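These are my notes from a look through one structure. I went strand by strand and wrote down what pairs with what.

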Amino acid sequence: MIIDYVGVKEINGSLIVIDGVKDAFFDEVVDIRLDDGTVRKGRIVTMEGERIVVQVFEGTRSISLTNTRTRLTGHPMEMPMSPEIVGRVFNGSGEPIDGLGDVFPEKMCDINGSPINPVSRIYPQNYINTGISTIDTLMTLIRGQKLPIFSGSGMSHNELAVQIVRQAKIADGDGKDFVIVFAAMGVKNDVADYFKKSFEESGVLQRVVMFLNLANDPIIERILTPKCALATAEYLAFEQNKHVLVIMTDMTSYAEALREFSTSKGEIPGRKGFPGYLYSDFASLYERAGMVKGKTGSVTQIPILTMPNDDITHPIPDLTGYITEGQIVLDRGLQGQGIYPPVSVLPSLSRLMKDGIGKGFTREDHQALANQLFASYAKVMDARSLSSVIGEEELSAIDKKYIKFGKLFEDKFVNQGPKANRTIEQSLDLGWELLSHLPKNELDRVDDETLNAHYIENIEEKEAAQSESETAPQE
Amino acid sequence: MENQNVVYGINGPVVTVLKTKAFSMMEMVYVGEEKLVGEVITITDEMTTIQVYEETSGLKPGDPVVGTGAPMNVLLGPGIITNIFDGIERPLGAIAEKSGAFISKGVAVPSLDMDKEWDVTLKVKVGDKLTSGQIYATLPETPVIEHRLLVPPRVSGTVTSVKPNGKYRLMDCIVTLKLESGEDYELTLCQKWPIRTARPVKERLAPSIPLITGQRVIDTLFPVSKGGTAAVPGGFGTGKTMTQHQIAKWCDADIIVYVGCGERGNEMSQVLDEFSALIDPKNNRPMTDRTVLIANTSNMPVAAREASIYTGITLAEYYRDMGYDVAIMADSTSRWAEALREISGRLEEMPAEEGYPAYLPSRLAEFYERAGRVTPLCDGEGSVTIIGAVSPQGGDFSEPVTQNTKRFIRCFWALDKSLAYSRHYPAINWIGSYSEYFTDLDDWFVKNYGEEFIKCRNSISTILQEESSLMEIVKLIGADVLPDDQKLTIEIAKVIRVGYLQQNAFHPDDTYVTIEKQLLMMKTILHLYDRAKHLVSANIPISRVLEAGLFDKLLKMKYDIPNNKLEMFDEYIKEIDEKIAEITAVQS
C-alpha cells in the first residue's frame, strides 16, 4: 500500500520535518509532490521514531506546511546505469538534461557506493604520460591515482585540466577504453561551456559523461553531483572495464555547499564553519579512485579546487591534501610572468610516483633527476630570498649560478605552452641539460654513475659555440 | 520475545534506543536485521545512545537492538599475525572472499580462522597450578613467531585434564582448569579481551633499551626506547607515512602492528605489497610473517576508525604479554581525533578547542600510557612502543591534537615542510625535534658502543645548533662575509645535513644503517672537521680546504661505502690526513 503523507511539520532551509511516518529507513529517497503538480526529490537525513527530517534536493522554495504530499520510494539514492550513458549530459542529481530522454537502466547503482576493500585494491603503478614536463618528470600521474590541482581564482587550472585530457595516454593501445567523467559543481556557465568546447575540439566529446551543477543551481544537488559522477565512474570502470578519468571542479564550491547544508541542519561547526566531518566526507569521494583486483578498469581523479585567498592551509586544500596522493599547486607569481602551466614545483608532489617510474616504466635516471631538480630549485629559492635582501650583485658566484639556473628552469622547463606535447625522454633530457648549468659537485642527490652518464660538461661553452656556428654562415 | 529493544532515532552513525535498562556502558550490541556492530556510548533513563561501526543507511526505527552482555572486545589467538583487519578486527581478506572488492554491510565473518589446525605443544600436566598469564601451550604461528597461549588475566586454578600434543582448532579445549571457586574452566586456543582496557602486567621497567631503527637522524639524534612513545607530526607531503614505513620495515621489534587509521586505501595496498615483498634480513622471511595490519581507510565507517587504535594496541599488548617487543605504528592519530570530534558532534556534546571534545587529552593519554617496557605476568620481558603520526591542520603545530599529544609522548620528530620541499628525507627538523630518552639510553650506548658514540652525537648536535644561529646571519648578509672558522662550521654542517641526516629510503645500502656504521660516519665527519679547524686556525684559507674535494667525498660516503665494507672508513681517514698534510706542506 502506498501512503502519501500530507503536509509537513517544519521547514528550515533545505530541510523539512514530517511527523507520523511509518516504515521509512535511513537514507531513503522520498518524492515530494507539490499542489502545483511538480515533484521534488528528497532524502531522509535524520530519524527520531516516526519523525523524519528530509533534505529536499531542489530546495524548499514555495513549500508550505500544507501544500505537499510526500511518498516513500523504498530505495536509497540511486542512479540508472547503462553503457549508453557515455556521451550524455546530466544535472547534479543525475537526471538527463540533454533532451535525449531517460536512460534505459541496465542496473541501478547506489550513488554512495561502498568502500573498496583495501585488500582488493591493486597498488597503482602504471604511469600516465601527460606530455607536460613538470607533471611527467616531477609529479608523475599514475593510473588509479587522485591528484588534485590546487589553484586560485583567475589561474589557468581549467586550461591545464583540458590539456591533460587532450594529451594523456590513459588507456593502452588505441584508447577506445578511455572515458571521461566530468563533474561541474557550482561553476559558471562559461566554464562549463569552455570544457564542452574543448572536449569537442580534442574529439573526445563522445567519450564524456557530464554532470553539470552550475553556480545558480540548488546547493543540495551540488552535494550529490560528485557522488553521481563517481558512481558512474565506478560502474564504467569496474563493470564495463573502462579507464575512467574523473575531473571534478570546483571542490571549493562543493565544500561550501556542504557547509551551507550542515549549518541549516544546526550542526556544530568545525574549522571556518565547515562541518566536523568534512574530512570523512571528502574521503568518501576521493577514496573512490583506484583499481581493484580482477577488473581491468581504473578510476583516476583530477579534482580541481580554488584555494580561497590562495591559502594552502585553508581547510579545503588542507584536508584534500591529506587524502589525495599528492597535489599539483599552481602559482600566481608564475602565472603573472606569463609562464604556462604555472606549476609551483616545490609544494607539488605525487605520492605514487616513486613506484611508477624508473626502469621498466619511464627511464632509469628519472628518480635521481627529479630529486636533484627539487633540491636544486629549492636552493634557487634560498638564493632569491638572499638576493632580495642584499641585491643580486653581492651574491657569491655559486648563488649567481643558482639564480641563473632558476630562470632557465622556469623559462624552459616549466613553461611549455598549452599546445606542446613533450615525450618523457624530451622532458628528462631537458632536465639534465638545465642541471648541467650548475657545477657538477653541486649535484649531490645523484650517484656518480648516473651523473657521469647524463651531465653535459661545459655546457655554456658548447651552447655559445653552437649559437656562434648558427650565426657564422650568415657572415 | 518480550522486552525487545528497538531503534528509535538515527543520525549518521549514531543510533538511539528509548527507555531501556538493558544495556551497560561500552557494551557491544548488534543493531538492525543486518546485525551491524555497535557500542553503547551514553545511557540516561530516557535514552541510550549507540555508535554503529558500519554504514547505517537502510536502518529503520523499530529495528531490533540486541546486547551481547560484554564490552567491545577482540578475539586473541593464533592467526592474528600476517592478517589484515578493519578497525573492529574483522578480517578484510575473508570479507573480500565473501562480498567481493567492495565492503558490504553486516558481513558476519569470524575474526580468526576457526577451521585452521595449529600444531600445538602442551606445556602443562595434570595437577599443575596455573595462574593468570602463565604459558600453557605454544604453537608456531608463522615460521618466525612462536605463539604462546597464556592463561587469561584473572583466571587461576589447578589443571584437571590436558590433551596430548597435536593438531587443534581455535575453539578446541586443550586444558581444563578447576578454579578456586570450584568451577571448571576450559582453555582453548583463544581468548577475548575488551579493547578499551589495558591488559595487566606484573611491573613496568625503565625504558633503557633503544629501539634501533637504522635511520640515522632517529638513532643518533632523537632515539626512542623500547616501550617508549614517539610522535611524528607533519603537514601533508612531509613524509609521515614514509617515515612510519621505514621504521616498520627496519626497526628491531619482534612484531609490528601497523594501524592505518583513516588513511589512504592505495597506501594500505602499498604496505601490503611492500611488506610481503620485503625480506627481513634477520631471518630471511617476508616482513608479513611478523606484521599485523589494521586498515580502516578514510572512507570506511568513522566509528570503526575510532576503535581501530584500541584494537591495534590490544593486539600489541597480547603479544607483549608473550614476551615480545612490539612496535605499533598509528597512522594517523589526527584522523582518530577527528573521528572522536565527529561522533562528539553527532552527540551534540559541548565542544572544546576547535570543535574537539573536552575529553580529547584524556583519551590521548589513555592510549599513549598503554606503551611501556614491562615484566608480563608470565615473567620475562616484553614491550610496546607507540609511534603515532600526527597530521596537524595546515601544518600548524599549535593545534589541539599536536599540543595535547606532546604532553604524553617523550619523543617528538617534527617534520618540516621546507626540508620536504627540497626532498630532504626523512624531513625531521633537528632544531624542533626532541627526545627525552637520552639519559635513559646513555648507559646502553656506552656499554655497547663506548663513550665515543655519545661524544660524537653531542658534537654533531652542537655543530647543527651553531649552524642554525649562523644561518640567521647568512640570511641577512650572505655567507661571503663570515670569517673562515664560521664558514667551516657551515660547510661541515652541510656535510652532516646532506651526508648524514638525509637518508635515501630507496637506496639499497642507505635505507638501513647499523649503529656501528653511524658511529664510523660521525667519526669520519668529525675527524675532517677537526683537521680542517687546525688549518683554518693556522690561517690557511678555507677555500683551499674545500678545493681538496674532501667535503664532497664525505657527502657521498653513505652511498660509496657498502654496509658490509666498513673497513673502508679507515681509507677515508687516511685520505683526509694525507690531503690535509699536502695542503699544510704547500702553504708552508
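I began with a pair in chain A: strand S4(A) is joined to strand S5 (residues 39-48) by 5 bridges, and the two run antiparallel. I keep in mind that this is a predicted model.

I picked one bridge of that pair and found A:Ile32 partnered with A:Arg40 in S5(A). I then followed the chain through the hairpin of S4(A) and S5(A), where 4 residues lie between the strands. Among the hairpin's residues, A:Gly37 takes a positive phi near 95 degrees.

Next I asked which other strand S4(A) is joined to by 6 bridges. I found strand S7 (residues 68-76) of chain A, again antiparallel to S4(A). In this pairing A:Val30 has A:Leu72 as its bridge partner.

I also looked up how covered strand S4 (residues 28-34) of chain A is. I noted 5 of its 7 residues as buried, so I put the strand down as mostly covered, buried meaning under 20% relative accessible area.

I moved on to chain B. There I found an open sheet of 4 strands, ordered S12-S11-S9-S14, with antiparallel pairing. Strand S12 (146-150) and strand S14 (166-168) of chain B each have a single partner strand, so one side of each has no neighbour in the sheet.

Strand S9 (residues 118-122) of chain B pairs with S14(B) over 3 bridges, in the antiparallel sense. I recorded B:Tyr168 in S14(B) as the bridge partner of B:Trp118.

Methods:
Residues are numbered from 1 along each chain as its sequence is written. Chains are lettered from A and ligands numbered from 1 in the order in which they are written. This is a predicted model: local features need pLDDT of at least 70, side-chain atom pairs count only at pLDDT 80 or more; totals for chains, interfaces and linings use all residues. Side-chain values use heavy atoms; hydrogens and water are left out. Two strands pair if DSSP finds at least two bridges between them. Buried means under 20% relative accessible area, exposed over 50%, partly exposed in between (1.4 Å probe, protein chains only).
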